[in-house]
Amino acid sequence: MQRFVDLTLNGISQGAIYAAFALALVLIWRSTRVVNFAQGAMAMLTTYVALTLIESGQPYWVGFAVALAAGFVLGAVLERLLIRPVEGGPELNAVIVTLGLFVALQALAAILFGSAYESFPAPFSLTGFSVGGTTVAFTPFNAFVVLAVLAVMLALVALFRLTDLGLRMRASALHQEVSRLLGIRVGRLLTLGWALAAVVGSLAGLLIAGGSLIHPAYMDPVIVFGFVAAVLGGLDSPPGAVVGGLLVGLALSYVSGYLGSELVALAALAILVLVLLARPRGLFGRTTERKV
C-alpha cells in the first residue's frame with residue numbers, strides 16, 4: 001500500500017510538470033494555431049539564464065523572475081524574426097521552423113553553457129512530509145509545483161473566457177483577415193501569444209529543474225510527455241492540459257514502478273496512439289464549430 005501511495009504522489013508531482021508544459025502548448029495553439037516544437041528548448045535556455053544568476057550570488061527568486069522575463073522576450077523576438085515570415089503560408093512551414101529552432105537552441109546552449117550536468121537549486125525543501133511517523137514521497141517543492149500549475153491554468157481560463165484580450169487573441173488566431181477588418185492588431189496579438197506561451201514554458205523548465213541536474217537536453221522527455229498530455233486533454237483546453245498532465249504522470253509512474261522504467265516511453269506512445277484513435281480532439285476537446 002505504501003508503494004502505491006508513493007507512486008501516486010510521484011505521479012501527481014511529475015504530472016503537474018507535464019501539465020505546465022502542456023499549458024504552454026495549449027496557450028500557443030489557442031493564440032496562434034501553431035504547435036511549437038521548440039518550446040522545450042526555449043524553456044531550457046531561460047533556465048540556464050536563471051542558473052547563471054543564482055550561481056553569481058543572486059537569490060533564487062531573482063533568477064526565477066528574470067528567467068520568466070527572458071522567456072517573454074525570447075518568445076516575442078522569435079515570433080517576429082522567424083515565425084512571422086512564414087505566417088500565411090502552408091502550416092507545415094511553421095512546424096519545420098520550430099523543429100529547426102529546437103536544434104539550434106540546444107546547440108547554442110551547449111556552446112554558451114557547456115554540456116556538463118549542473119545542479120539546479122530548489123526554493124523549498126525536497127524532503128517528504130511525515131504522516132504518522134511515515135515519510136511520504138511528496139515534498140514542499142512538489143506542493144509548490146502543483147499550486148503553480150493550478151494558478152497558471154486558472155489564469156489562462158480567465159484570459160480566454162473572461163477578457164476582451166483573450167477573445168481578440170482567439171479571433172486573430174482563427175480568422176486573421178476578418179480580425180484585421182474589425183481593427184484588431186493581429187500581428188501584435190500573435191507576438192503576445194508567443195511571448196506568453198514562452199513564459200509558461202519557462203515556468204515548466206524551472207519546475208522540472210528544481211532540485212535536479214540540468215543539461216542542454218534535459219527538457220527532451222518533458223517535451224514528449226507534455227505533448228502527450230496536451231493531446232490527451234485537448235489542445236484547446238487549459239483544464240484539459242492539467243487533467244491530461246496528471247493522468248499521464250500517474251500512468252507513467254505506475255508503469256515505471258510496477259513494470260519497469262524501460263517501458264515508460266512505450267507507455268507514453270501507447271497513450272498517444274489510443275487517444276488519437278479514440279478521441280482525436282482529446283478528453284476536453286470540442287467537436288462543434290468554434291465561435292469567437
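Guide: This is a predicted model. Helix H5 (residues 140-162) packs with helix H8 (residues 186-209) at an angle of about 170°, and their axes are 11 Å apart.

Visitor: Why are H5 and H8 called roughly antiparallel?

Guide: Angles over 145 degrees count as roughly antiparallel. The angle here is about 170°, and H5 and H8 are therefore roughly antiparallel to each other.

Visitor: Which residues of H5 and H8 meet?

Guide: From H5 come Phe141, Phe144, Val145, Val149, Val152 and Leu159; from H8 come Leu196, Val200, Leu203 and Leu207. The residues of this contact of H5 with H8 are 10 nonpolar, no polar and no charged, because Phe, Val and Leu count as nonpolar.

Visitor: How do you know what span is expected of helix H4 (residues 91-113)?

Guide: The expected span is 1.5 Å times one less than the number of residues. H4 has 23 residues, for which 33 Å is expected, and its first and last C-alpha are 33 Å apart. Gly114 follows H4 and has a positive phi, near 85°.

Visitor: What makes a residue of H4 buried, and which ones are?

Guide: Buried means under 20% relative accessible area. Ala94, Thr98, Leu101, Phe102, Leu105, Gln106 and Ala109 are the buried residues of H4. Their cover includes helix H2 (39-55), helix H3 (60-83), H8 and helix H9 (220-233).

Visitor: Where does UniProt place the feature "transmembrane region"?

Guide: The unreviewed entry lists several stretches, including 36-54 and 265-284. In the model, residues 36-54 are 84% helix and 0% strand, and residues 265-284 are 70% helix and 0% strand.

How values were computed. Residues are numbered from 1 along each chain as its sequence is written. This is a predicted model: local features need pLDDT of at least 70, side-chain atom pairs count only at pLDDT 80 or more; totals for chains, interfaces and linings use all residues. Side-chain values use heavy atoms; hydrogens and water are left out. Axes are lines fitted to C-alpha atoms, for helices over the stretch in contact, and angles run from 0 to 180 degrees between N-to-C directions. Helices (H or I, at least four residues) and strands (E, at least two) are DSSP runs, numbered from the N terminus. Angles under 35 degrees count as roughly parallel, over 145 as roughly antiparallel, 65 to 115 as roughly perpendicular and the rest as oblique. Contact means heavy atoms within 4.5 Å. Buried means under 20% relative accessible area, exposed over 50%, partly exposed in between (1.4 Å probe, protein chains only). UniProt positions are given in the numbering used here, feature names are shortened, and annotations may be inferred rather than shown by experiment.
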